[in-house]
Amino acid sequence: MATIARQAKDEDRPKPGPWSLHWQMTYNLLWHAAFPSPYSGANTFQSRYEGRGTVTSTFFVGRHLWKGAAAYVNVETAGGEGLSGALGLLSPPNGESYRVGSPSLKTAIVRAYIRQSWVLGGRPAVLENDLNQVQETDYSRRFDLVAGKFCLTDFFDNNAYAGDPRTQFNSWSLWANAAWDYPADTRGYTWGLMLELVWDRWAVRVASAMEPAVANGMSLDHRVSKAHGEVLEVARQYTLSSRPGVVRALLYENHADMGSYREALLLKTIAPDVTATRSSGRAKWGAGLNLEQAMADHVGCFLRAGWNDGKTESWAFAEVDRTLSGGISLDGTAWGRPQDHVGAGMAINGLSKDHRRYLAAGGLGFILGDGRLAYAPERLIDAYYSRQVFQRCFISGEVQHFTNLGANGQRGHVTVYGIRIHFEF
């Protein structure tokens, strides 16, 4: 989402810019050395040496329509694969990869939505022309409606220091709340409706969106009366020791043809299969907390916590039922490079009792499945440095160290190295 760039007086309000045209390209290369592993399964993170890359290229088109309204369309070309096919970790290391990545480039319309804003008063401010943002005057009191195709993380669970895998932390559980199984197709997008009320320092958002027809599938389920996901977020801006901060609380509930881990175990088969227990009308719910806090003029920290009931199979995002993550981010002003950024973070991801018993019995999810499980929460330590090489071009180096891969205490640890190149115009 765009940020308010400067306050606008009534007589200084610009007319809405008719167009917003931007482009980005990101290349992500990750690799890890071989490491010892006592056994492996169908969805195991590979213990042999691996190197995998992904590339995305996105055209962002925005057009002012009428007072308070604009339409946005994003056309994206993507290709490549995540390490081990994005399998075997609760927090895959490449935020640009997904489970069914293809080595060949494929193009799709990933966003196509209209945003309408109604002014309720308050202070005016200018929103500068940016990605999916035409230049316009915004107000601190307003009501917004978004309808169409988008990613729910465009509007929910935002964080200034850990929210963009193209420029910040790359790991899934650092750029998002990994325990929020948000409705989306395999690439992360869905069709839905979002309503937002902003009143000075408070914001309340609610959305309803379509779920995939099968777990982590590309096709969405058009039986919207039976398959849908809702999310509610309340956000509050505040100051702490004269430093700005934001706290966000999130609740969600998903409805889909999900299977039950407990029922799969009761089938008494050689290896339980959660897909054999899928039934319409099942629900999953969860909650999340998101905190960002400026610590100095050029330093900030973040914290996320998430939980879901973990009774039904993971359906759209990640196989995480409990998560806690946090870290610090700063720019390079102190060493004369204000456009550079460095970040360090950590995450602990875990499974519910039903979920871990299912995997221990040899069950498979859409990401996890070593054939057995000696449960221990997966731990991650992540650090990156992003250097501006010329205007609008950044190269990042990143190191991610995982312990208890896939929440399996017998799977050891591995260090993943990454290089990322990002252009944005």
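Let me start with the largest nonpolar core, which has 45 residues, and in which Leu 152, Phe 156, Trp 180, Tyr 182 and Val 231 have the most contacts. By nonpolar core I mean a set of buried Ala, Val, Leu, Ile, Met, Phe, Trp, Tyr and Cys residues joined through side-chain atoms within 4.5 Å, where buried means under 20% relative accessible area, exposed over 50%, and partly exposed in between, with a 1.4 Å probe and protein chains only. The elements that give two or more residues to this core are strands S4 (69–80), S5 (106–127), S6 (136–150), S8 (202–209) and S10 (243–256), together with helices H1 (172–175), H2 (261–266) and H3 (353–360). Of these, S10 gives the most, with three residues; helices (H or I, at least four residues) and strands (E, at least two) are DSSP runs, numbered from the N terminus.

Before I go on, please keep in mind that this is a predicted model, in which local features need pLDDT of at least 70 and side-chain atom pairs count only at pLDDT 80 or more, while totals for chains, interfaces and linings use all residues. Residues are numbered from 1 along each chain as its sequence is written, and side-chain values use heavy atoms, with hydrogens and water left out.

Coming back to Tyr 182, and leaving out residues up to four places away in sequence, this residue touches Cys 151, Leu 152, Thr 153, Trp 175, Gly 188, Ala 316 and Phe 317, contact meaning heavy atoms within 4.5 Å. There is also a second, separate core of 18 residues, which includes Phe 35, Phe 45, Leu 83 and Ala 162.

Strand S10 also holds Arg 248. Is this arginine buried or exposed? Arg 248 counts as buried, at 11% relative accessibility, and beyond four places in sequence its contacts include Asn 158, Asn 159, Glu 233 and Glu 292. Its C-alpha atom is separated by 9.4 Å from that of Arg 304, which is 56 residues away along the chain.

In strand S12 (residues 299–308) we find Gly 300, which is buried with a relative accessible area of 0%. Setting aside residues up to four places away, Gly 300 touches Tyr 161, Gln 293, Ala 294, Met 295, Gly 327, Ile 328 and Ser 329.

On the cysteines, a search of the whole structure finds zero disulfides, a disulfide being a pair of cysteine sulfur atoms within 2.5 Å. Cys 301 is partly exposed, with a relative accessible area of 24%, whereas Cys 393 counts as buried at 3%.

The structure holds three cavities of 30 Å³ or more; on a 1 Å grid over the protein atoms alone, a cavity is a set of points where a 1.4 Å probe fits but cannot get out, and lining residues have an atom within 4 Å of a point. Grid points are joined across faces, edges and corners, and a volume is the space filled by probe spheres set on the points. The largest cavity has a volume of about 50 Å³, and among its lining residues are Asn 43, Asp 370, Arg 372 and Asn 408.

Methods: 1 Å grid on protein atoms, 1.4 Å probe; cavity = no way out; pocket = protein on both sides within 12 Å on 5 of 7 lines; lining within 4 Å.
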